[in-house]
Number of protein chains: 2
Amino acid sequence: MFSKACKYGIKAMIYLALHSAEGSYCSLTDISANIDSPLAFTSKVLQQLAKNKLIVSLKGVNGGFRIETKKLSKINLLHIVKIIDGESLLYDCGLGLKMCSDTKPCPIHKQYSLIREEIRKMLENTSLIDFSANKKKQVLILLR
Amino acid sequence: MFSKACKYGIKAMIYLALHSAEGSYCSLTDISANIDSPLAFTSKVLQQLAKNKLIVSLKGVNGGFRIETKKLSKINLLHIVKIIDGESLLYDCGLGLKMCSDTKPCPIHKQYSLIREEIRKMLENTSLIDFSANKKKQVLILLR
DNA sequence: CTTAAATTGGATAAAAACATCCGATTTATA
DNA sequence: TATAAATCGGATGTTTTTATCCAATTTAAG
């Protein structure tokens, strides 16, 4: 469903949502250790998310990544997935037909469209604020 | 969602469902031309489906592949997907966590489980008989 | 019995996804 | 102002997926 890069991205964002205190940064080492992902590879993913303004990065001592608190309610899983995996999950034909559409549907067009819609809704309705320290009392499982 | 191999497999099976007359075979050339898939690669996929008894293959002149008519109502998309892509789509954690389960759920476990269930239902409820000559009067779009 | 048509299976190649390495740059702090 | 800690960016390497090639085998039919 999601690429590994995307899974790492989602896990990292959930981790940041829970650990971003206003003004302090989580280091890459910290993040990748806590979400069990390859450090250098995760670095690329976080860079991508930073370029797209979902998170803020800071170089140097005490640097790292963080999410601005005010953005927690604005960002949902769909934003993350779109940046890392693109929109193919949302728009491409289930059988890979370029020309498939409502008027020229592939044999499973209807069924697959419904699934896609469910996925879109789920991603859109799952906001980072749901994982923030305010909302979540319990520990979030992101390892292994 | 599905690998390319799996998409080719599904398209091939839908094509065969529509064109399998009792006792006659569709050639690989015929199939791959009509579903717009790479011939040699599709060959491997069909071999896999044949080994798993979903279709019958015959070498030599007038040979090829076919689905036994009586099997049309027995085979659904889930059978095909399981053979080609395995069961990861149905059972693996959305975030790739090995240890994720109902009792030790990842942060999106509930949401993702519901989607997975929808996918399973859709695949299970879509039978090859829905694409057979008896059922379908219109041309099925499988190209491009 | 010969031949042409077809699948089978193994080897190989190409492309994409996943992962690592390292030097350059930036930043806080002692 | 020197140093250590951190991200950034480019190059490279590995693994998996996708794709092709070709020789071997099987089969129907002339």
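The following questions and answers concern a predicted model of chains A and B with DNA strands C and D.

In this predicted model, local features need pLDDT of at least 70 and side-chain atom pairs count only at pLDDT 80 or more, while totals for chains, interfaces and linings use all residues. Residues are numbered from 1 along each chain as its sequence is written, and chains are lettered from A and ligands numbered from 1 in the order in which they are written.

Me: By what turn can chain A be laid on chain B?
Reply: Copies are superposed by least squares on the C-alpha atoms of residues with pLDDT of at least 70 in both. The RMSD is 0.0 Å and the shift along the axis is 0.0 Å, with a turn of 180°. That is the relation of a two-fold axis.

Me: Which residue of chain A comes closest to the rotation axis?
Reply: The distance is taken at the C-alpha atom and amounts to 2.4 Å. The residue is Met1(A).

Me: Why are α6(A) and α6(B) described as roughly antiparallel?
Reply: Axes are lines fitted to C-alpha atoms, for helices over the stretch in contact, and angles run from 0 to 180 degrees between N-to-C directions. Helix α6 (residues 109–125) of chain A and helix α6 (residues 109–125) of chain B pack at about 180°, with axes 10 Å apart. Angles under 35 degrees count as roughly parallel, 65 to 115 as roughly perpendicular, over 145 as roughly antiparallel and the rest as oblique. The two helices are therefore roughly antiparallel.

Me: Which residues of α6(A) meet α6(B)?
Reply: On the α6(B) side the partners are Gln111(B), Ile115(B), Glu118(B), Ile119(B) and Met122(B). The residues of this contact divide into six nonpolar, two polar and two charged. From α6(A) come Gln111(A), Ile115(A), Glu118(A), Ile119(A) and Met122(A).

Me: Which element gives the most to the surface near DNA strand C?
Reply: A residue is near a strand if its C-beta atom, placed from the backbone, lies within 6 Å of it. DNA strand C is surrounded by 26 residues, with Pro38(A), Ala40(A), Gly60(A), Leu28(B) and Ser57(B) the closest. They divide into 11 nonpolar, 12 polar and three charged. The element that gives the most, with four residues, is α3(B).

Me: Which element gives the most to the surface near DNA strand D?
Reply: Of the 25 residues around DNA strand D, the nearest are Leu28(A), Ser57(A), Pro38(B), Ala40(B) and Gly60(B). Two or more residues come from each of α3 and β2 (64–66) of chain A and α1 and α3 of chain B. With four residues, the element that gives the most is α3(A).

How values were computed. Two residues are in contact if their C-beta atoms, placed from the backbone, lie within 7 Å. Ala, Val, Leu, Ile, Met, Phe, Trp, Tyr, Cys and Pro count as nonpolar, Asp, Glu, Lys and Arg as charged, and the others, Gly among them, as polar.
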